[in-house]
Amino acid sequence: LFRSFRLMRACFVDFLKREQMSQSSQESKPIAKPTALYDLHLSQGARMVEFAGYSLPVQFKGIVAEHNHTRNHVSLFDVSHMGQVTVTGPDFLTTARALETLLPGAISTLKPGLMRYTVLLNEDGGIEDDLIVTRPGDAQLPAGTMLMVFNAARKAHDLALFENALGDKLKFELHEDKSLLALQGPEAGAVLARLCDAPDKLAFMQTTISEIDGIECRISRAGYTGEDGFEISVSNEFAPKLAKKLYADKRVEPAGLGARDSLRLEAGLCLYGHDMNDQIDPISAGLVFAIGKKRRELGGFAGADRVLEILAEGPQMLRVGIVFEGRMPVREGAPIVDDAGREIGHVTSGTFAPTIKAPIAMAYVPAELAKVGTKLTALVRNRPVIGTVSKMPFVPANYARKPGV
């Protein structure tokens with residue numbers, strides 16, 4: 001019991017430190033902008049914190065309990081702080097090709113109903129944000145409509161960048177009137193199938209419009225946990241009703257930002273501002289897949305000259321996954337040192353992983369040390385901790401590659 005308490009406390013302290021959040025007492029007054037589910041969170045005993053200007057739950061029953069429930073069953077996360085944007089142009093190809101001047105992803109080859117992960121780059125090849133671009137297949141939407149989801153802390157920045165660069169060609173609308181609920185875990189499909197037919201229509205990175213108890217929703221089969229799951233975009237007005245409908249299934253429990261962070265780290269997924277930023281290029285970050293294959297040859301996107309140069313020559317530093325010995329978490333900022341004690345890299349995210357029961361981290365190290373199996377040393381309070389470069393994800397992904405439950 002004591003060991004479990006220490007593990008839960010370490011995960012909680014780790015998350016709060018890395019996000020620099022300020023805790024609130026359990027008052028009814030929000031500490032920042034509330035989401036539509038704020039009152040529901042309080043009624044469930046949530047510990048609320050400020051994150052990216054929003055008042056959000058960091059935990060309910062506890063980070064480790066919520067983490068494990070998501071891995072084994074299904075949890076509901078409030079991710080309404082994310083930036084949901086509609087892009088409108090005269091036709092699909094015009095919209096897609098305009099977006100491709102900033103994004104290296106293959107947007108113009110997207111088929112209706114498909115989503116694509118990519119990055120927003122600056123002229124030096126640095127990552128301004130990572131995002132999801134969707135080509136909706138809805139007949140009622142104009143053919144030139146695209147959807148994007150930005151990181152919460154970057155949405156105003158991203159929107160300004162897109163409007164400044166493409167505002168004469170495209171219209172961008174940020175939807176503060178919409179909530180986003182993430183139903184995540186191996187039982188997510190079975191839970192949602194009781195309410196609508198979306199699971200039978202969607203595979204990973206696909207989207208559709210569906211109706212749940214008379215509420216129109218955009219449902220995407222995606223998420224940030226490495227598990228099967230769905231992100232449900234719904235009007236703020238109906239978000240509490242929808243959440244309660246999902247909670248009516250006893251398999252569904254609430255989960256907060258703390259579990260979301262530990263789950264994404266086990267899944268080897270980057271967090272903007274930590275594992276990538278505007279000084280880090282997508283090649284060094286291990287995000288080559290976010291650049292379309294033909295675009296790696298032809299360029300034509302912001303920062304292409306620098307990115308393609310790094311792709312051809314190879315990066316000097318690479319993001320790697322590390323599994324450390326012992327049980328002590330190796331947190332963000334910990335230096336990676338050589339045998340002489342000189343700093344050669346640094347940890348960008350780290351925690352004790354509840355699923356594999358070991359400390360894990362992501363770090364940037366010299367490319368020659370990025371091979372799986374390489375031994376590395378980190379310093380934690382000036383004490384050496386030995387780790388081994390590991391394949392990522394640390395926990396195998398459980399995405400639904402075909403439609404169905």
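This dialogue covers salt bridges in a predicted model.

Trainee: How many salt bridges does the count come to?

Mentor: Side chains of opposite charge can pair when their charged atoms come close. With a cut-off of 4 Å between nitrogen and carboxyl oxygen, the count here comes to 18 salt bridges.

Trainee: Which side chain meets Arg 194 in a salt bridge?

Mentor: That of Asp 249, at 3.1 Å from N to O.

Trainee: Is Asp 249 buried or exposed?

Mentor: Buried, because its relative accessible area is 9% and the cut-off is under 20%. Arg 194 is exposed, because its value of 62% is over 50%.

Trainee: What is the distance between the closest N and O atoms of Lys 201 and Asp 197?

Mentor: They are 3.6 Å apart, and the pair forms a salt bridge. Lys 201 is partly exposed at 41% relative accessibility, and Asp 197 is partly exposed at 36%.

Trainee: Where do Asp 261 and Arg 264 lie?

Mentor: Both are in helix 9 (residues 257–266), three residues apart, which is about one turn of the helix. Asp 261 and Arg 264 are both buried.

Trainee: Which residues do salt bridges that share partners join into one network?

Mentor: Lys 33, Lys 155 and Glu 176.

Notes:
Residues are numbered from 1 along each chain as its sequence is written. This is a predicted model: local features need pLDDT of at least 70, side-chain atom pairs count only at pLDDT 80 or more; totals for chains, interfaces and linings use all residues. Side-chain values use heavy atoms; hydrogens and water are left out. Buried means under 20% relative accessible area, exposed over 50%, partly exposed in between (1.4 Å probe, protein chains only). Helices (H or I, at least four residues) and strands (E, at least two) are DSSP runs, numbered from the N terminus.
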